[in-house]
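Thanks for making the time this morning. I would like to walk you through one structure, and I will ask you to keep the view open while I talk.

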Amino acid sequence: QVQVVESGGGLVQAGGSLRLSCTASGSISTIVAMGWYRQVPGKQRELVARIASGGSTNYADFVKGRFTVSRDNAKNAVYLQMNSLRPEDTAVYYCNVADFRRGGFWGQGTPVTVSS
């Protein structure tokens, strides 16, 4: 009922930057938070960064100081600016949208590959 679409992933050299975008659409009630998670084969999906509708943020320790999450509530969009990328950042990055009434929804993911 809620569609979540990510974009912006790709291949980048170590030390480079990428900007991920995520937009939610469809049967939205009230979005209370949007966030980015990542997953590597054989590992659990983990939080990267999350932002509530009021602006409060959460960051994983491994991205603090390098990544910045932001949002545009009017567009139901969230962004992840990734700087100083490392090979260990290589993963599929997923957007999650938390709707107050309808629960959580995931995008299909956008792959990020950081070369050494």
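I will go through the disulfide, then a hairpin, and then one methionine.

Please bear in mind throughout that this is a predicted model. Let me begin with the cysteines: how many disulfides does a search of the whole structure find? The search returns one, and it is formed by cysteine 22 and cysteine 95, whose sulfur atoms lie 2.0 Å apart. Because cysteine 22 sits in strand E3, residues 18-26, and cysteine 95 in strand E9, the pair ties together parts that are 73 residues apart in sequence. The torsion about the S-S bond of these two cysteines is about -80°, so the disulfide is left-handed. As for accessibility, cysteine 22 counts as buried because its relative value is 0%, and cysteine 95, also at 0%, counts as buried as well.

Staying with strand E9, which covers residues 91-99, we find that it runs antiparallel to strand E10, residues 103-106, and that four bridges join the two. The two strands form a hairpin with three residues between them, and aspartate 99 stands opposite glycine 103 in E10.

Finally, I would point you to methionine 82, which lies in strand E8, residues 77-82. Is methionine 82 buried or exposed? With 0% relative accessibility, methionine 82 counts as buried, since the cut-off is under 20%. Leaving aside neighbours within four places in sequence, its contacts include Leu18, Leu20, Phe67, Tyr93 and Val112. Gly16 is another of its contacts, and although methionine 82 and glycine 16 are 66 residues apart in sequence, their C-alpha atoms are 8.3 Å apart in space.

Methods: Residues numbered from 1 in each chain as written. Predicted model: local features only at pLDDT ≥ 70, side-chain atom pairs only at ≥ 80, totals over all residues. Heavy atoms only, no water. Pairing = 2+ DSSP bridges. Buried < 20%, exposed > 50% of the residue type's maximum accessible area, 1.4 Å probe, protein only. Contact = heavy atoms within 4.5 Å. Disulfide = S-S within 2.5 Å.
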